[in-house]
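Open the model in your viewer and keep the selection tool at hand. The stops below say what to pick next and what to look for there.

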Amino acid sequence: MFRLALKMSLARKSRLALTSLAIILGTSFLSGTTIFTDTINSTFERLFTDVFRGVDAYVRSSSSIETNFGESRRGPTPISALETVLNVPGVSAAVGDMQGFARVIGKDGEPLGKEMGPPTFGGIASASVAGLWRVESGRLPVGATEMMLDRSTAKAGKFVVGDTVRVNAFSGTREFTLVGVANYGDISSPGGATFALFDQPTASEFLLKPGFVDAILVQGDGSVSDEELASAITAALPSEAKLETLTGAQITQETTSQIKTALGFFTTFLKAFSYIALGVGCFVIYNVFSITAAQRQRESALLRAIGASRRQVTTSMMVEALIVGVLGSLLGFVSGIGLSRALSALLNALGLEIPTSGLTIRSNAVIATVVVGTLITVLSAVLPALRAGRVSPLAAIRDSALDTVGNFRHRVILGLVLGALGALGLVSAVNGASTTVLGLGVLGVFSGFLVLGPVFSRPMAMLLGAPITKMRGITGAMARQNAARNPKRTSRTAAPVLIGVALVTSFTALASSLKSEIRDTIGSAFRGDYALSVDSHGFGGIPTSITDQINELPMVEQATGVGLLPAKIGEESRFILIFNPKTAEGLYNIPMVEGQQSALTTDGILVENNKAIEKGLSIGSKIDVTLIDGRTVLLTVRGTFKSAFANYAVSRELFEGSTTPLFDNSVYITIAKGVPDTDARNAIAAVSSDLGIGKLQSRNQFIDSQAGQVNQILALIYGLLFLSLIIAIVGIIITLLLSVFERKREIGLLRAVGMTRSQVRTMVRWESVITSLFGAVTGVLLGIVMGVVIVVSLVDKGFSAFTLPITGTIFILIGAFIIGVLAAVFPARRATRNDIISAIAST
């Protein structure tokens with residue numbers, strides 16, 4: 001039977017190729033993501049091993065705060081510790097190191113680098129052998145007016161030695177003379193980041209605080225091991241300095257892990273969508289095997305009639321599935337190599353340089369891709385193979401056989417049970433259950449819909465096909481009947497479209513609700529005329545000195561800044577909102593639930609209402625707050641507020657005298673009465689946006705831009721779901737081709753009695769449209785339900801209402817119509833190429 005199955009598979013090369021195509025597309029995304037991730041990991045492991053090769057010990061502050069994204073923000077290190085380190089036996093060299101915020105302004109006045117791209121750093125360039133930077137051209141900077149650039153930034157900005165370069169940092173904006181260009185190890189810069197480099201005193205004063213650096217790099221003389229050297233340095237440092245010492249190997253591993261964490265969300269995101277694509281491919285594969293099993297009923301019955309057992313017939317089809325799975329997975333892996341290169345090109349286009357010299361292809365990537373792809377294919381073929389084995393030998397005398405519908409009773413019961421369990425999970429999620437319960441609920445509802453698909457596919461096909469019958473007459477009526485006469489096939493073919501549309505609709509609905517929430521939140525809080533903003537993602541931003549400078553302009557009545565910093569509140573680490581209540585009154589108003597915003601003092605804190613209820617806090621309660629510089633302060637709750645985007649808020653005065661650099665993410669501005677709008681805008685821009693600091697916008701422009709940021713994430717999701725959409729289209733094409741093959745004799749008879757080629761193509765095309773629209777309509781309904789549930793489950797996070805994306809829904813339905821038309825192009829042409837006489841004579 002194995003040889004027979006092999007010969008039967010190879011005898012139907014077209015069907016083998018079509019069936020393999022779905023698994024190729026799904027596994028290519030999985031293998032591409034795996035290869036891409038392995039390449040990134042191995043690249044940065046080699047990079048930082050090389051960069052820190054000469055670093056034997058690393059001294060830094062022991063005070064740190066974990067952010068919401070898995071990274072740590074640390075307090076500064078006093079440069080006075082450098083002398084202590086240099087006096088430790090075994091130390092041959094040591095130098096301060098820094099990675100503070102610094103934005104290089106190009107010759108056109110625009111900042112270099114992208115706000116959504118890699119970070120923009122300022123650092124220290126030193127002649128010490130312990131330093132990380134190597135001079136490529138020019139010399140090291142000396143004094144408060146000189147600087148260097150990394151090679152990549154100098155090239156991007158077209159800067160050469162001797163040019164004047166403007167840089168924005170914590171202390172404001174300044175111009176420096178470029179005296180040199182440097183490399184980070186053997187590359188231009190790590191991860192595509194921009195670096196402005198200064199001598200240590202200038203870097204400390206301009207980027208951080210005078211007398212402080214981020215860390216101290218140490219090189220040993222080889223007389224002791226790295227571990228012994230680190231221990232000796234730790235013992236020499238005073239305990240009150242709150243410093244710790246790592247070995248070179250430890251800081252290399254930690255830095256590599258931080259890069260992996262930074263890119264981890266992106267790679268996890270890609271893997272999630274690769275599994276979605278594989279799931280969609282499952283339905284296509286299952287549908288194809290179900291159709292071929294039905295079409296081969298006579299063939300299977302003949303095998304049974306000449307003595308083959310049920311097990312042998314079933315095994316024959318399973319062997320075919322195994323062949324398709326292995327072949328498709330191997331080809332998918334090869335396709336994934338090209339996809340991984342495309343992902344690297346995408347990151348480079350976004351400004352995130354991945355310094356790779358080639359791809360890292362590990363054996364586990366090949367094994368995982370082949371195993372997953374083959375397993376999915378074989379599992380998808382189990383039920384069709386079992387049905388093929390149950391074919392009676394008497395079926396051999398029948399002219400043809402279809403994938404029969406059978407009794408719907410068991411299907412209805414199973415579908416309703418799955419749907420009810422899923423609905424229970426969704427209701428539980430709405431009432432505060434975990435996201436795991438929400439995920440299981442979504443899975444249950446999806447499963448219930450898919451199981452019940454054949455039950456309502458016939459009435460839906462008749463309903464959707466009614467307008468087509470009126471428009472296209474007999475060809476429309478036949479297309480309608482073809483879509484309705486085999487509910488199982490129609491349902492299974494529409495399933496990939498249903499899944500893709502449901503996900504797109506739910507994400508669109510969530511994005512629409514999020515944009516509405518952003519508009520309402522900012523619109524109610526911001527009452528001024530202009531806003532100066534940056535998209536800094538918690539690193540850098542608008543120097544508070546610029547905010548104060550804007551507030552002092554004669555043409556400005558009031559200006560206040562709002563920023564974010566991580567802090568430890570009790571036992572949890574969160575980004576806290578920072579603003580000046582003295583300048584915010586009437587301009588930036590937090591929606592208070594209890595207490596007054598103006599009551600916020602240096603020793604006070606405002607708590608989001610749901611968070612206050614969760615922790616049992618009320619006005620007058622005390623909270624321990626640990627800041628980045630290691631200080632722990634006892635703050636009093638002065639009020640509660642409502643917000644979907646922050647849990648805590650403190651006064652800017654809390655950070656006076658702190659060694660932590662403080663930036664504003666946004667500055668809200670009200671112009672003075674009687675001042676012409678143009679004059680006020682020009683005056684504000686002259687000290688901010690004209691110098692490359694932030695983007696100056698009117699109130700409405702600012703609100704639109706903040707809400708519009710959701711579209712960037714939505715576009716990425718749409719792009720990743722596009723592969724699932726391609727698989728769905730392939731599924732419709734395959735199903736129509738097999739359907740045309742099955743109806744070869746029927747189409748021949750229709751042509752014999754006068755149906756034209758154009759009418760045949762029209763019939764196949766509208767059948768495809770009906771199937772696609774069936775999946776789209778049910779997917780939209782399911783997606784809206786999911787969107788409502790997700791938004792309602794986030795009410796405790798501050799979301800207030802669900803917003804139905806009417807325009808987006810209409811575009812989705814139009815897209816489904818286009819998919820149906822495009823998917824039918826090749827099958828429709830194929831249907832008209834059959835010879836009429838041979839088609840009638842076929843059995």
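Select Leu 804, Ile 806, Ile 810, Phe 811, Ile 814, Phe 817, Ile 818, Leu 822 and Val 825: they make a nonpolar surface patch of about 840 Å². Patch members have over 30% relative accessible area and no salt bridge, and nonpolar side chains (Val, Leu, Ile, Met, Phe, Trp, Tyr) are joined within 5 Å. A salt bridge here is a side-chain nitrogen of Lys or Arg within 4 Å of a carboxyl oxygen of Asp or Glu. Areas come from the Shrake-Rupley method with a 1.4 Å probe, and for residues only the protein chains shown count as cover.

This is a predicted model: local features need pLDDT of at least 70, side-chain atom pairs count only at pLDDT 80 or more, and totals for chains, interfaces and linings use all residues. Residues are numbered from 1 along each chain as its sequence is written, and side-chain values use heavy atoms, with hydrogens and water left out.

Now colour helix H22 (residues 806–823), which gives the most to the patch, with seven residues. Helices (H or I, at least four residues) and strands (E, at least two) are DSSP runs, numbered from the N terminus. Stop at Ile 818 in H22. Ile 818 is partly exposed, with a relative accessible area of 42%. Buried means under 20%, exposed over 50%, partly exposed in between.

Next, go inside. Which residues of the largest nonpolar core touch the most other members? Select Phe 446, Ile 727, Val 764 and Leu 782, out of 82 residues. Such a core is a set of buried Ala, Val, Leu, Ile, Met, Phe, Trp, Tyr and Cys residues joined through side-chain atoms within 4.5 Å. A second, separate core has 37 residues, including Val 59, Met 147, Val 167 and Leu 207.

Move to helix H20 (residues 744–752). Ile 747, Gly 748, Leu 750 and Arg 751 are buried there. Look down the axis of H20: these buried residues fall within an arc of 160 degrees, so they line one face of the helix. The arc is taken from the directions from the helix axis to the C-beta atoms. After H20 comes Gly 754, with a positive phi near 120 degrees.

Last stop: Gly 563, in strand E18 (residues 556–569). Gly 563 is buried, at 1% relative accessible area. Beyond its neighbours within four places in sequence, Gly 563 has contacts (heavy atoms within 4.5 Å) with Ile 576, Leu 577, Ile 578, Phe 663, Asp 664 and Asn 665.

Note on methods
Buried < 20%, exposed > 50% of the residue type's maximum accessible area, 1.4 Å probe, protein only. Patch = residues over 30% accessible without salt bridge, like charges linked within 9 Å, V, L, I, M, F, W, Y side chains within 5 Å.
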